[in-house]
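Subject: Structure handover

Hi,

Here is the structure for you to look at. My notes follow below it.

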Amino acid sequence: MHTAYAIRFLNSYQSLLSSELDNAFLTNYDGNIYEFNAKIKGRNKIEHPIKPINTQTFVTMNATYADDGNTIYFASNCPKGFYNLSAKEQKKVSADKAKDFDIYKITRTLKGTKKNKPCKETWGKIVGVAPVNTDYDELLFMQQKSEDGTPIFYLISNNENSIGGYDIFSVQPRGNSFSKPVNMGYPINSIANETSFTINREKDMYLTSDRIDGKGCRDIYYVRLLDKTDTATMEEDNMVTFATNITDNNGNPVSGVNVTLKSVLSNDMYISEDLLPYIHEEQIDGKTCNVLVLTSTSNEIGQIDFALPANTKFDVVLDKNQYVGVEDSFTTPEPHQQFSKDFVINKFEKDAIFVLNNIFFDYDKYTLRSESDKELNKLLGFMQDNPHMEIELSGHTDSKGSDSYNKALSMNRAKAVVNWLVSHGISAKRLSYKGYGASKPIATNDTDEGRQLNRRVEFKIKKIQ
């Protein structure tokens, strides 16, 4: 068996790939492939070219050995049918006929292989690896063996099933053909480019990637590959079941609510294969991030179930026409648990009341803090989208302090929200405010948690049209 170890330098068009550290290929600056064999005289210099592969016009690169040591896979950007032409005809094909890189293979027969003696080579026909090749780039095709001795191949491609740019795929042999490439998933692959890799017999993978959390242009990452049984166990061990019940403010279930869950992924997270299609690229705070986005719609009894990775923070958005949207967040628990979170989504109708979450004031004051801007801007957008709507802002406190003090404080806090909206272009004629002090609690005042819920600002729809 020949185990491959690869180092690739894309910027210089050089790559070195060796088998058992005796045989090696080098792609030189001229875009051709050369072979090195430390044990065979006449081939222990880099200047031994693989003549049938190399061309004067197109780029060949990333040659690898199959486990027989004589079948060679390589990538080339030559046009279709190029290797069926004679050497004279090949020279007539111009460079502007270059296309996306595909994987090809060629097999040779060696004679006179005694130690330190030159080999006589007979080369077979060069053929494309059709099940692997697509209308995209296939840059590297490498064979390895699993622990039970069955061969497995790995591919680098930016095909339609890649998460981002170039990804690493696994490919199973099927007689004289191959299976469809399967994306190896996150965190091996990312929205960036995984452009080279090496795997040893112990399934230690080292890969290069230009993902955004790296130290430079491209960095080296280590991954330990798992067997299928280990992978299945990890997927099972890393998942939780999440259920949500969605009701209106009267406790009635609401169907047809669109629910979106979003989580920013880190490189050390394991994501099951089923979730790979839902990873997207997104700009967050000026950085490009891998984001897992899951969507579903509540059923007739207002319920949705998700299978989610454990110990993961999710932002959640609820949306339905004629209802006021809800934004919240949660973190999934340890694996093997079921958990639920209930949401209330209120219909857009007269006298409906909505709590403004994340409105912040300093202690004992009624000056809005900057952390309130996100929630205030949501209310501003709501008013702008409904130009005839009129609302009443109401302030509420917990039961600590005198009634007169709490009523004045709550009124001033409601008035602060009104002033903010007016300063952002909403007519004062559409706004009113009241302070209710501690007279309308929504939770107990006997606990810190209850008192925190009671300290709030709400708005009530007074007029829609």
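Start just after α4: G425 there takes a positive phi of about 100°. Keep in mind that this is a predicted model.

Helix α4 covers residues 403-423. Its length checks out. At 1.5 Å a residue, its 21 residues should span 30 Å, and the end C-alpha atoms are 30 Å apart, which agrees. The buried residues of α4 include N406, L409, R413, V417, W420 and L421.

**Strand β29**

β29 is largely enclosed by the rest of the structure, because six of its seven residues are buried. Its pairing with β31 is antiparallel, with seven bridges. With β30, β29 runs parallel, and five bridges join them. Here L393 stands opposite Y433 of β30. The chain gets from β29 to β30 through α4, and this β-α-β crossover is right-handed.

**The cores**

In soluble globular proteins, nonpolar side chains tend to be buried together. In this model, the largest nonpolar core has 31 residues. V259, L261, L308 and L318 have the most contacts inside it. Strands that each supply at least two residues of this core include β20 (239-247), β21 (258-264), β24 (303-309) and β25 (313-319). β20 gives the largest share, four residues. Leaving aside residues up to four places away in sequence, L308 touches N238, M239, V240, F242, L261, L294, F314, F330 and T332. Another core, of 30 residues, lies apart from the largest one. Among its members are A66, A75, V129 and L207.

**The whole chain**

The protein chain has five helices and 31 strands. Of its 465 residues, 45% are buried. Taking contacts between residues at least 6 apart in sequence, 56% join residues at least 24 apart. The accessible surface comes to about 24700 Å², and 49% of that belongs to carbon and sulfur atoms.

Best wishes

Terms used. Residues are numbered from 1 along each chain as its sequence is written. This is a predicted model: local features need pLDDT of at least 70, side-chain atom pairs count only at pLDDT 80 or more; totals for chains, interfaces and linings use all residues. Side-chain values use heavy atoms; hydrogens and water are left out. The expected span of a helix is 1.5 Å times one less than its number of residues. Buried means under 20% relative accessible area, exposed over 50%, partly exposed in between (1.4 Å probe, protein chains only). A nonpolar core is a set of buried Ala, Val, Leu, Ile, Met, Phe, Trp, Tyr and Cys residues joined through side-chain atoms within 4.5 Å. Contact means heavy atoms within 4.5 Å. Two strands pair if DSSP finds at least two bridges between them. A crossover is right-handed if, with the strands pointing away from the viewer, the path from the first strand over the helix to the second runs clockwise. Accessible areas come from the Shrake-Rupley method with a 1.4 Å probe; for residues, only the protein chains shown count as cover.
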